[in-house]
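Keep the picture open as we go.

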Amino acid sequence: MKEAATVFIVDDDPSIRRSLERLVRSDGYQVQVFVSARQFLERADLKKPDCLVVDVRMPGQSGLDLQQVLETAGSTVPIIFITGHADGPLAEQALRAGAVELLAKPFDGEVLLAAVRRAIGRRS
Amino acid sequence: MTRIQLAASALAVSLGYYLGANLGLILRFPPATPSVMWPPNAILTATLLLVPPRRWWIYLLAALPAHLVAELGIIGEWPLVLGLFVTNCSEALIAAVLIRQFSDAPGRFDTLHRVVAFVVGGGILAPFLSSFLDAGLVASLRGESYGAVWRARFFSNVLTELSLVPAVAICVTTAPAWFRRASWRRQAEAVLLGVMLLGFGIVLFTTAGLAAIPGLPRSALPFLLPLLLWAAVRFGPGGANLGLLLTVLVAIWAVTHGHGPFVDLPPRESIPALQVLLSVIAIPLMCLAALIEERYRAEQALADRLRFEELLSRLSAAFVHLPSHEMDQAFETWLERLGESLSLNRLTLLRVVENGHDGQSVTVAHRWSAPDAPAVPESSAAAVSNGADWRRLLRDEPLPAPGKSDLVIPLVAAGRILGGLILDAVSVSQRPATARLPELRLVAEVFAGALARKETEDALRASEVMKSAILTSLNTGVAVLDREGRIIAMNDGWMRLTREEGALVDAGVDTNYLQVCRARAREGVPAAGDALAGTQEVLARSRPSFAFEYVAGAPPAERWFAMAVLPLNRPEGGAVVSQTDVTERKRAEADAQRNRQELAHFTRVSAMGELTASLAHELSQPLSGILTNAQAAQRFLNMTPPNLVELRDILGDIVDDNKRAAEVIHGLRDLLRKRELSREPIELNELIHDVVRILGSDAVIRNVTCTLELHPASLLVVGDRVQLQQVVLNLVLNAMEAMVDCNAADRTVVVRTDIELDAIHVAIQDAGPGLAEGAEQRIFEPFYTTKPAGMGMGLSIARSIIHAHGGLIWATRNAQRGATFHLALPATTSVPT
């Protein structure tokens with residue numbers, strides 16, 4: 001059996017973090033969760049994830065900050081942003097920087113999973 | 001009388017005495033001592049009648065040297081000469097005392113009463129009594145017969161007193177003035193009369209032939225009677241007495257020269273006969289002259305009175321229906337007529353004028369002077385011109401002020417002094433004006449009545465002019481209708497509104513307003529129908545008044561009018577229709593309405609926006625969690641076998657998220673506090689300008705003035721524009737509402753901004769009732785309110801917002817009245833990019 005693709009989730013909200021982990025796991029992916037960008041950068045094996053799901057607005061470094069760090073580090077991992085505010089400039093900025101998708105909370109889980117599959121498919 | 005005049009008159013008496021004594025000595029039949037006529041006593045008597053008794057001694061003393069000089073040379077006996085002086089003086093004194101006792105005017109002989117007093121006292125009693133002394137003196141010193149001396153002296157002195165005293169008195173007092181003022185014809189007549197008396201007397205007395213005609217009187221005197229009567233009738237007492245004196249002198253001259261009238265009698269007998277005869281003629285002649293004079297005077301007075309009464313009635317008639325604007329001319333005319341007809345020198349009409357708050361003063365309204373009036377000072381008019389206290393001048397009683405040359409009669413009507421009439425105290429005819437007082441009072445009454453009427457009419461006209469001016473100046477159109485609805489009067493405003501602005505209804509005076517309304521209503525003007533119905537009801541008195549507003553013309557040039565119909569308060573009925581252009585007010589109202597709507601919308605939108613943003617943010621987290629968890633659960637359920645462990649965990653999380661969402665909804669107010677602020681640079685002065693502009697129409701409606709005293713520099717803070725706008729709006733609105741019960745003049749909101757170090761200070765000051773003691777803190781607590789319909793949330797939310805901006809909000813009580821709310825916000829110097 002081919003090793004399942006790995007999805008990393010970064011969100012400060014524990015409820016959303018846990019619900020996302022379950023949803024993505026239910027689709028057969030490996031999931032690792034982080035409470036902040038900093039924890040992610042400290043602990044995650046950056047080679048490992050096939051896809052990142054990141055909350056845009058977090059205490060400390062934001063999702064966009066994280067995207068920039070990864071890009072600087074030469075990572076090509078596809079990123080899906082979730083946000084409380086579906087404001088245009090933010091989405092534009094994120095997508096320009098190479099994000100796969102930007103989803104406004106509350107979002108349809110199926111849409112998220114579709115985005116994850118698309119991201120992983122593109123990567124492989 | 002000056003000392004020089006006194007001395008001259010005394011010298012004249014002395015000279016007269018001396019000449020009279022010489023004349024008496026000439027007219028004497030030696031060896032008898034008494035003369036036929038003895039003038040000195042009569043001259044003394046006339047003097048004592050004319051001068052006041054306190055000066056009598058001067059003239060008696062002045063006569064003494066004349067007596068001595070005249071008599072010493074002839075008689076040569078000192079005791080007798082001095083004794084005769086005493087008897088002469090006694091006769092004059094007795095005569096003067098008696099006449100003064102009984103006559104009202106001792107020096108005048110122009111009434112019967114005065115003549116009788118003179119004849120009895122001076123003509124008979126004085127010679128009678130003094131002759132006893134004289135006879136006794138002569139009899140004892142000369143040895144002559146007492147009886148003969150008494151008789152000779154008595155008859156001689158009676159004749160002398162009767163003929164000489166009135167003649168001398170008249171010559172000294174009235175004759176010169178008469179002669180000056182008489183026409184040349186009268187002068188000629190008087191001279192002719194004198195010459196005829198003298199000539200006829202001489203001819204008659206010296207012509208013996210007359211006595212030869214049988215049947216004629218043996219005396220020539222009766223032939224002179226017609227001349228004497230002529231003198232009495234034509235020249236009064238003066239003519240009679242002077243004529244008499246001439247006759248007496250001629251007769252005595254004739255007798256003493258041996259001529260008639262009693263040629264056949266020896267002198268001793270003919271002289272007493274002549275004296276008695278002349279005396280008997282003199283008395284009735286004097287009485288006749290006095291009676292004629294009295295009658296002439298009475299006629300004059302009657303004519304004078306009739307003339308005055310006619311003048312007065314014409315004066316009353318002239319003023320009774322005179323319009324007040326012609327009154328000034330009438331006063332001028334009648335002052336002249338009165339002055340001329342009453343022979344006055346000068347007449348001045350004073351008027352009391354009201355000076356508004358100064359009270360009253362007096363001015364010279366009209367003045368008339370006789371063309372030949374002597375220039376005597378007008379002290380009263382001058383006093384008025386010099387601003388003297390006119391109330392002292394115009395007293396109730398017309399009295400000549402002491403030392404004043406004129407007389408002031410007050411013009412009084414209905415107990416009010418309206419003016420005064422000033423006239424010279426001495427008139428042209430030398431008759432004192434005080435004698436005219438009763439007549440002048442009547443004139444003053446007519447003048448006062450006229451002045452009172454003029455005042456009333458002027459006041460009435462002034463009030464009518466004012467009313468008419470007010471009506472004309474009104475912007476409101478006013479038309480007065482009679483009971484049938486016919487327009488009987490209108491002002492300029494009515495014509496302007498109906499002709500130029502299209503108000504109802506363009507109709508002139510005498511047009512029927514109701515008919516025009518009816519016609520317009522048929523044309524399809526709806527307001528005309530309303531106006532017609534309302535006006536008809538008011539005219540019929542079925543409703544007390546009617547008012548409505550209507551629009552005329554098409555947008556955007558339409559105009560609004562307010563019409564009011566009120567009943568006309570008079571027995572004939574009618575109504576007053578007034579119309580005012582209220583377009584400006586209507587437009588302001590519409591603007592205000594629109595602004596209020598905008599304001600409400602703005603507030604609602606901003607509050608909604610804020611709330612929605614917060615809600616969306618706060619609710620999206622749990623909702624996201626719930627949705628994601630639920631979808632994950634579906635997927636776990638679809639697995640075979642279903643992963644029930646995951647399901648339990650998921651359901652637990654969903655419950656937690658639901659609780660979280662419920663908390664959000666329960667704590668809506670907390671949300672407002674907790675929500676995130678947008679952070680952008682805001683210029684506070686600009687923000688305040690925006691708020692004041694938004695509230696502009698609100699301020700107009702509330703009649704509040706907003707005064708901005710803004711710091712000239714740009715005052716930048718970083719924060720949420722909408723929220724800060726809401727705070728300032730809330731505070732300014734509160735300030736306006738606080739002044740709802742203030743005077744319109746006090747309704748001012750002052751908004752000040754200032755910068756101090758790094759804090760920007762905004763102060764919003766009102767002039768309302770202010771804060772209660774100790775309320776400065778409590779007002780910011782939630783649910784604290786002083787407004788009947790308030791929620792008590794405004795200031796609490798404001799405080800939350802300001803605190804969230806790192807600022808402070810507080811309130812102070814003003815020194816005078818009202819409250820000031822202060823905001824302090826941290827200033828930012830650089831604009832974040």
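**Reading contacts, step by step**

A: Start with one contact. Asp110(B) and Arg114(B) meet through their side chains in a salt bridge, 2.4 Å from N to O. Asp110(B) is buried, and Arg114(B) is buried too. Bear in mind that this is a predicted model.

Q: What does the salt bridge between Asp13(A) and Arg660(B) look like?

A: Look at the distance, then at where each partner sits. The two side chains meet at 2.6 Å, N to O. Asp13(A) lies in the loop between strand 1 (6-10) and helix 1 (14-26) of chain A, and Arg660(B) lies in helix 20 (residues 644-666) of chain B, so this pair joins two chains.

Q: Which side chain meets Arg25(A) in a salt bridge?

A: Glu646(B) does, at 2.4 Å from N to O. This pair also crosses between chains, from helix 1 of chain A to helix 20 of chain B. Arg25(A) is partly exposed, at 29% relative accessibility. Glu646(B) counts as buried, at 10%.

Q: Which residues are joined into one network by salt bridges that share partners?

A: Follow the shared partners. Arg18(A), Glu21(A), Arg22(A), Arg25(A), Glu646(B) and Asp653(B) are joined into one network.

Q: What describes a pair of aromatic rings?

A: Two values do: the distance of the centres and the angle of the planes. Now the case here. Over all chains, the count is 20 aromatic pairs. One of them is Phe34(A) with Phe40(A), 5.2 Å centre to centre, with 85 degrees between the planes. The pair is edge-to-face, because planes over 60 degrees apart count as such. Phe34(A) is buried, at 4% relative accessibility. Phe40(A) is buried as well, at 0%.

Q: What kind of aromatic pair do Tyr550(B) and Phe561(B) form?

A: A tilted one. The centres are 5.6 Å apart, and the planes stand at 35 degrees. Tyr550(B) is in strand 7 (residues 546-552) and Phe561(B) is in strand 8 (residues 559-567) of chain B, so the pair ties together parts 11 residues apart in sequence. Tyr550(B) is buried, at 4% relative accessibility. Phe561(B) is buried too, at 0%.

Q: How many bridges join strand 7 to strand 8 of chain B?

A: Seven bridges join them, and the two strands run antiparallel. Within this pairing, Tyr550(B) stands opposite Phe561(B).

Q: What is the order of the strands in the open sheet of chain B?

A: Read across the sheet. The order of its five strands is 6-5-9-8-7, with antiparallel pairing. Strand 6 (487-490) and strand 7 stand at the edges, each with a single partner strand, so one side of each has no neighbour in the sheet. The twist averages 20 degrees from one strand to the next.

Q: Which rings are linked into a cluster?

A: Trace the ring pairs. They link Phe128(B), Phe132(B), Trp150(B), Phe154(B) and Phe155(B).

Q: Where does the charged end of Lys586(B) sit?

A: Over the ring of Trp560(B), 4.6 Å from its centre. Arg337(B) lies over the face of Trp334(B), at 4.7 Å from the ring centre.

How values were computed. Residues are numbered from 1 along each chain as its sequence is written. Chains are lettered from A and ligands numbered from 1 in the order in which they are written. This is a predicted model: local features need pLDDT of at least 70, side-chain atom pairs count only at pLDDT 80 or more; totals for chains, interfaces and linings use all residues. Side-chain values use heavy atoms; hydrogens and water are left out. Rings of Phe, Tyr and Trp (its six-membered ring) pair if their centres lie within 6.5 Å; planes under 30 degrees apart count as stacked, over 60 as edge-to-face and the rest as tilted. Buried means under 20% relative accessible area, exposed over 50%, partly exposed in between (1.4 Å probe, protein chains only). Helices (H or I, at least four residues) and strands (E, at least two) are DSSP runs, numbered from the N terminus. A charge sits over a ring if NZ of Lys or CZ of Arg is within 6 Å of the ring centre and within 35 degrees of the ring normal. A salt bridge is a side-chain nitrogen of Lys or Arg within 4 Å of a carboxyl oxygen of Asp or Glu. Two strands pair if DSSP finds at least two bridges between them. Axes are lines fitted to C-alpha atoms, for helices over the stretch in contact, and angles run from 0 to 180 degrees between N-to-C directions.
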